[in-house]
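Subject: Structure handover and findings

Hello,

Here is the structure you asked about. My notes follow below it.

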Amino acid sequence: MPPKKKIKVDSSRNPSDDGNLESDCEIRNPIEQKSKTADEKKPKRKKNSSTDAENIKVTQVFQNKTSTEFHEQDFGNTSKTPDGKKWNTKVVTWNVDGLRAWIKKGGLDYLEHENPDILCLQETKCSKSKLPQEVVVPGYHTYWCFSEADGHAGLGLYTKVKPDTVSYGIGIPEFDKEGRLIIAEYNTFYVVNVYVPNSGRKLVTLDKRLKWNPKFQELIKDLDSKKPVIICGDMNVAHQEIDIANPKSNKRNAGFTQEERDGFSELLKSAALTDCFRQKHPDVNGAYTFWTYMANARKKNIGWRLDYCLLSKKLMANFCDCCIRSEVYGSDHCPVVSFLHL
């Protein structure tokens, strides 16, 4: 086996639709205990020599945590609307980075503990033929939007109340074959579950991303003209410098280019949308929803806020709170939870 190369890791994000590489972490200890025979003689120690423990350097490479201690989490919330009404609807968005892996890491346990009314999943990375039987959960209607390429993109929707209609796609085959959009129409509002294309390593798909932006903006404005809209998903952009741990070194990396940030600003403005988390917590630093698997970034909280709940201005009177479940594991992203009175 060739020797392992020493790699310097930059824990800033350079996202890719193909997913982020997991670090091949292990705890390595060169000390191996060997059984001694009766005939073996113990070597004499030299005077002033160091002990074995002092001579041996033990390198530990820590793995990112993947399991959640649910009993330590508080899934309650006492927030109210501006006019004092208690929340009665919980909407969650979570990029799960692979549905099957998410289930193995306790994803469905999270669903039980959080008990959302609506759960929007992104990057399910699972074809219809490989959809696990476990995804059927009593009390929820489920809807799936599959990518034609297995292991790529894809969406899931869990909802306690059956929508009046469910539709898929943005209307452009280039995007729709990748499984990036679900629109669920309810009596008084729409829920849009979205996985926005990212610009790829070295910005190789930035043009594709910029092609998406105006079409998505047009779609949301059209929906909002009929009913108010709740948008949940991975928008693949850290909007402001407060939304990323290392802004200076990422200005030409996917997810923090000026073009992407300006496009998100234009979406909020033209479609009259509010970023729920920043509306409630405008000055909170270190609030991230994504951490690369590399370099123990999550433990160090070197992250990006890429996942959002956006509300039509018409729904702001119904808005109570929005929080980031940074202590819920199972993906390189974490859930974002919004509380509404609907």
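Which residue does the side chain of Glu 260 meet in a salt bridge? The partner is Arg 209, with N and O 3.6 Å apart. Glu 260 is buried, because its relative accessible area is 0%, and buried means under 20%. Arg 209 is buried too, with a relative accessible area of 2%.

Before the rest, a word on confidence. This is a predicted model. The mean pLDDT of the protein is 86. Of its residues, 81% reach 70 or more. Two stretches need care when you look at the picture. Residues 1-13 stay under 50 in pLDDT. The model gives them 19 contacts beyond four places in sequence. Residues 45-62 also have pLDDT below 50. That stretch has 16 contacts in the model beyond near neighbours in sequence.

The sheet

There is an open sheet of 6 strands with mixed pairing. Its order is β3-β4-β2-β1-β12-β11. The edge strands are β3 (141-145) and β11 (319-324), and each pairs on one side only. On average, neighbouring strands of this sheet are turned by 10 degrees against each other, direction ignored.

Take β4 (residues 155-159) as a worked example. Which strands are joined to it? On one side, 5 bridges join β4 to β3, and the two run antiparallel. Here Thr 142 stands opposite Tyr 158 of β4. Another 5 bridges join β4 to β2, again antiparallel. Here Gln 122 stands opposite Leu 155 of β4.

Is β4 enclosed or open? 5 of the 5 residues of β4 are buried, so the strand is largely enclosed by the rest of the structure. In a regular strand the side chains alternate between the two faces of the sheet. Both faces of β4 are covered. Leu 155, Leu 157 and Thr 159 are buried on one side. Gly 156 and Tyr 158 are buried on the other.

Helix α3 (residues 107-114) lies across β1 (89-95), β2 (118-122), β4 and β12 (336-340). The helix runs at about 160 degrees to β1.

Salt bridges

The count comes to 17 salt bridges. Helix α3 comes up again here. Its residue Glu 114 pairs with Arg 325, which lies in the loop between β11 and β12. The two side chains meet at 2.8 Å, N to O. They are 211 residues apart in the chain. Arg 325 and Glu 114 are both buried.

A second pair joins two loops. Asp 150 forms a salt bridge with Lys 130, and the closest N and O atoms are 2.7 Å apart. Asp 150 is in the loop between β3 and β4. Lys 130 is in the loop between β2 and β3, 20 residues apart from Asp 150. Are these two side chains buried or partly exposed? Asp 150 has a relative accessible area of 37%, so it counts as partly exposed. Lys 130, at 41%, also counts as partly exposed.

There is also a network of salt bridges. Asp 243, Asp 275, Arg 278 and Arg 305 are linked in it.

Aromatic rings

A search of the whole structure finds 11 aromatic pairs. One of them is Trp 212 with Phe 216. Why is this pair stacked? The ring centres are 5.6 Å apart and the planes are at 20 degrees, so the pair is stacked, as planes under 30 degrees apart count as such. Both residues lie in helix α5. They are 4 residues apart, about one turn of the helix. Trp 212 and Phe 216 are both buried.

Elsewhere, ring pairs link five residues you can pick out in the viewer. Phe 70, Phe 75, Trp 94, Trp 102 and Tyr 110 form this cluster.

Best wishes

Definitions and conventions
Residues are numbered from 1 along each chain as its sequence is written. This is a predicted model: local features need pLDDT of at least 70, side-chain atom pairs count only at pLDDT 80 or more; totals for chains, interfaces and linings use all residues. Side-chain values use heavy atoms; hydrogens and water are left out. pLDDT is the predictor's confidence in each residue, from 0 to 100. Contact means heavy atoms within 4.5 Å. Two strands pair if DSSP finds at least two bridges between them. Axes are lines fitted to C-alpha atoms, for helices over the stretch in contact, and angles run from 0 to 180 degrees between N-to-C directions. A salt bridge is a side-chain nitrogen of Lys or Arg within 4 Å of a carboxyl oxygen of Asp or Glu. Buried means under 20% relative accessible area, exposed over 50%, partly exposed in between (1.4 Å probe, protein chains only). Rings of Phe, Tyr and Trp (its six-membered ring) pair if their centres lie within 6.5 Å; planes under 30 degrees apart count as stacked, over 60 as edge-to-face and the rest as tilted.
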